[in-house]
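Dear colleague,

Please find the structure below, handed over for your records. A short account of the findings follows it.

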Amino acid sequence: MDITLIAAIVIAVVLLAVGGFFLVRTERPVKPGKEEPGPETTGAAGATAVEEDRDRDSGTVRTPPSQAPPEAPAAEPAAPELETPPPSAGRMVRLRARLARSQSSFGQGLLNLLSSDTLDDDAWEEIEDTLITADIGVASAAQIVESLRTRVKVLGSRGHDEVRALLREELLAHIRTDADRTVRTASHDGRPAVIMVVGVNGTGKTTTTGKLARVLVGDGRSVVLGAADTFRAAATEQLQTWGSRVGAPVVRKEEGADPASVAFDAVSRGIDEGADTVIIDTAGRLHTKTGLMDELGKVKRVVEKKSRVDEVLLVLDATTGQNGLRQARVFGEVVNVTGIALTKLDGTAKGGIIVQVQRELGVPVKLVGLGEGPDDLAPFDPEVFVDAILG
């Protein structure tokens with residue numbers, strides 16, 4: 001037999017054997033509990049499935065494909081609309097009516113006593129008690145009464161207008177119309193003016209800081225705020241709200257951070273941005289706590305490594321009376337207070353503390369808060385204040 005024919009027969013047999021082996025392996029039964037992997041779905045198969053789905057009965061509930069809906073993009077919070085505060089000029093005049101309503105009982109009471117037909121010792125004692133009740137202070141009240149008593153006796157004045165003029169002169173003399181009440185807010189030597197706001201808890205420091213920023217922005221100045229009250233998270237958020245309303249940036253850090261570092265960074269930013277004024281809101285502290293007062297002194301010293309502190313404004317609550325005076329003394333010893341911001345002067349006849357603080361400390365009242373409104377902080381004008389008291 002030809003060798004070529006034999007080789008062909010052998011090759012055919014081998015191919016048949018191999019093909020039979022693979023055919024048997026492919027048709028092998030699946031073991032229980034095990035599923036064959038399904039075929040990969042292609043675009044054509046998907047189209048077929050859609051065609052089959054169309055042929056189903058219309059009442060059949062169809063299960064939608066398992067696909068998560070696309071997430072809507074998170075909406076960015078809208079930037080707060082910037083407000084345009086009124087300028088400081090004329091603020092005290094605009095608030096005069098409100099002050100007059102709240103102080104009228106004090107002023108009218110004095111005028112009625114002085115205008116009475118009989119001014120005996122009891123009447124003068126009652127006048128002195130009225131002045132003391134208004135927190136003018138015992139020494140100042142005694143001096144005012146003694147001066148009025150002499151002038152009324154010499155001039156024989158009894159008319160309402162005459163008595164009012166005499167009382168007005170005496171009050172203005174004790175409030176010191178010659179005192180410099182300018183809040184130094186203008187930049188100098190290429191650096192911003194630096195203002196520290198200090199005081200005890202609850203006097204309204206953060207609110208006063210925010211309102212002062214509004215006053216300065218209304219006057220056309222650029223302001224940077226420093227949230228150095230790091231012990232109270234709410235104070236930082238509150239100051240941030242005040243700043244965002246007028247476009248004043250706020251330098252802040254996490255709760256519990258070093259207040260001195262916040263103040264330093266605020267001044268640095270003010271210098272870098274060429275701001276006119278940097279206002280630093282410090283933490284409220286009891287004037288009886290030595291450690292806290294020492295920390296306040298540290299804040300001032302750290303700031304002065306970067307720039308001079310032009311103003312230290314002590315915020316006092318007009319309703320605290322003698323306690324407010326004690327606070328002023330201690331703060332003055334630690335940080336050299338340059339001015340007083342008197343808050344909560346509305347609805348109370350305690351405005352006499354202006355006389356007492358200035359007499360005891362030689363520190364002028366520079367700002368007064370006459371309400372809860374954002375623009376109810378005004379530069380203090382002695383003549384407008386006294387006229388409002390007397391009605």
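Is α8 mostly covered or mostly uncovered, and how many of its 14 residues are buried? This is a predicted model, in which local features need pLDDT of at least 70 and side-chain atom pairs count only at pLDDT 80 or more, while totals for chains, interfaces and linings use all residues. Residues are numbered from 1 along each chain as its sequence is written, and side-chain values use heavy atoms, leaving out hydrogens and water.

Helix α8 is mostly covered, with 11 of its 14 residues buried (under 20% relative accessible area, 1.4 Å probe, protein chains only). Among them are Lys205, Gly210, Lys211 and Arg214. The 14 residues of α8 (residues 205-218) should span 20 Å at 1.5 Å a residue, and its end C-alpha atoms are 20 Å apart, which agrees; the expected span is 1.5 Å times one less than the number of residues. Just after α8, Gly220 has a positive phi of about 90 degrees.

The protein has 14 helices and eight strands, taken as DSSP runs (helices H or I, at least four residues; strands E, at least two). Strands β2 (residues 223-228) and β4 (residues 277-282) run parallel, joined by six bridges, and Ala228 stands opposite Thr282 in β4.

Across the protein, 42% of the 391 residues are buried.

With kind regards

Definitions and conventions: Buried means under 20% relative accessible area, exposed over 50%, partly exposed in between (1.4 Å probe, protein chains only). Two strands pair if DSSP finds at least two bridges between them.
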